[in-house]
Amino acid sequence: MSQYLRLFLIAAPTMRHSPAMERAVAIAEATDAALHIAVFIEDFDLMRLMSDSKQQRETSRQENEQWLMDEAGVLRHKGLEVTTEVLVTRDPLQEILQHVNQMRPDLVIKDLHHESALKGAVMTPLDWQLLRHCPAAVHLVSEVRCPLPRVVVAAVDPAHPAGQIHGINDSIIQAAQDLAEQCDAELHLLHAYDLSHTQIADAGAGAVTMPGFGSDVRRSLEKTFAVLARQYDVPVERQHFIAGPLTKALANFVAHSRADVIVMGNVHHKGLGKLIGSTTEHVLQHVRCNVLAIEGESINKQDG
């Protein structure tokens with residue numbers, strides 16, 4: 001187990017007790033990790049056109065500093081090691097990345113907001129950028145049933161398609177195991193098996209399905225999945241090998257389970273040098289769940 005030493009909470013300048021703050025405080029209490037809470041107030045150029053913009057920014061900075069000072073006092077009284085800061089900046093992402101490189105936190109924790117139960121996540125440009133550029137694990141929190149995670153799910157892909165990052169499954173499971181052990185939570189293992197991917201391409205004939213091909217692939221995936229589960233001592237009742245496209249399968253799983261955190265690999269694809277996103281980002285947009293994204297390298301993939 002890798003003991004958490006430092007947590008980095010990116011708090012919104014709205015000064016409220018958010019799910020991310022609840023989660024960060026709960027993990028800090030459980031692990032004795034130092035907690036740094038920072039508020040980044042973006043300094044828009046357009047605001048300079050307003051005569052009172054400078055005063056507004058200064059007022060916001062002072063209010064946030066007072067709020068953080070009060071919150072930190074309460075948390076220190078509980079025995080936590082807490083530091084705080086408020087920064088007005090034109091480039092929040094670069095400030096955050098500099099903090100991460102200097103602090104080397106075990107987790108970067110931030111709120112992710114959903115419009116409603118029927119709509120997806122409201123991912124800000126900063127959320128996207130953090131997923132794509134942050135070298136530390138990013139925990140995006142949309143809601144907490146209980147502040148400390150009770151069920152941590154490692155979402156793995158035993159298929160190992162060409163170009164997949166070597167060892168990403170082990171990194172995902174190790175991160176999930178670390179979080180589960182330190183929070184005294186259950187570790188679960190999940191793979192969503194997409195039946196539509198049992199097709200293979202035949203030159204000149206498009207995609208075809210060969211007899212028995214789908215069942216053979218499924219059996220092979222199940223064997224690899226079982227090996228991963230045994231390697232990390234995940235009991236059978238906590239193994240979930242489910243059918244369906246990943247986003248839909250995860251949505252159904254989250255809706256009918258007690259999952260508190262889904263741990264996923266944050267691997268991007270590049271086509272002609274252009275970043276087109278990752279499965280983690282799609283899941284965050286469409287599944288109401290808390291995600292811990294483990295950074296992976298980018299996959300270079302030529303457009304056909």
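Two residues are in contact, or touch, when they have heavy atoms within 4.5 Å of each other. Everything below comes from a predicted model, where local features need pLDDT of at least 70, side-chain atom pairs count only at pLDDT 80 or more, and totals for chains, interfaces and linings use all residues. Residues are numbered from 1 along each chain as its sequence is written, and side-chain values use heavy atoms, with hydrogens and water left out.

**View 1. His188 in its strand.** His188 sits in strand β9, which spans residues 186–193; strands here are DSSP runs of E with at least two residues, helices are runs of H or I with at least four, and both are numbered from the N terminus. Is His188 buried or exposed? With a relative accessible area of 8%, His188 is buried; that label means under 20%, while exposed means over 50% and partly exposed is in between (1.4 Å probe, protein chains only). Setting aside residues up to four places away in sequence, His188 touches Val151, Val152, Val153 and Ala154, plus Arg238 and His240.

**View 2. His240, a partner of His188.** Look for His240 in strand β12, residues 239–243. His240 counts as buried, at 18% relative accessibility. Beyond residues up to four places away in sequence, its contacts are His188, Leu189, Leu190, His191, Phe225 and Phe253. Phe253 is 13 residues from His240 along the chain, and their C-alpha atoms are separated by 9.1 Å.

**View 3. Leu189 and the nonpolar cores.** A nonpolar core is a set of buried Ala, Val, Leu, Ile, Met, Phe, Trp, Tyr and Cys residues joined through side-chain atoms within 4.5 Å. The largest one has 55 residues, and Leu35, Ile37, Leu189 and Val263 touch the most other members. Helix α5 gives the most to this core, eight residues in total. Domain 1 (1–148) and domain 2 (149–303) each put in at least three residues, with the domain bounds taken from an automatic or database assignment. Leaving out neighbours within four places in sequence, Leu189 is in contact with Ala154, Val156, Ile173, Phe225, Leu228, Ala229, Val234, Arg238, Gln239 and His240.

View 4. Most residues other than glycine have a negative phi.

View 5. On a 1 Å grid over the protein atoms alone, a pocket is an open set of points with protein on both sides within 12 Å along at least five of seven lines; a cavity is a set where a 1.4 Å probe fits but cannot get out, and lining residues have an atom within 4 Å of a point. Points are joined across faces, edges and corners, and a volume is the space filled by probe spheres set on them. Which of its 17 lining residues lie nearest the centre? They are Pro13, Phe40, Lys110, Thr124 and Leu126. At least two lining residues come from each of β1 (6–11), β2 (34–42), α3, β4 and α4 (125–133). By class, the lining has ten nonpolar, four polar and three charged residues; Ala, Val, Leu, Ile, Met, Phe, Trp, Tyr, Cys and Pro count as nonpolar, Asp, Glu, Lys and Arg as charged, and the others, Gly among them, as polar.

**View 6. The cavities.** There are two cavities of 30 Å³ or more. The largest has a volume of about 90 Å³, and Arg23, Glu143, Val144, Arg145, Val254, Ala259, Asp260, Arg288, Cys289 and Asn290 line it. That lining divides into four nonpolar, one polar and five charged residues, with at least three from each of domains 1 and 2. The second largest cavity holds about 40 Å³ of space, and its lining includes Met15, Arg16, Trp67 and Asp111.
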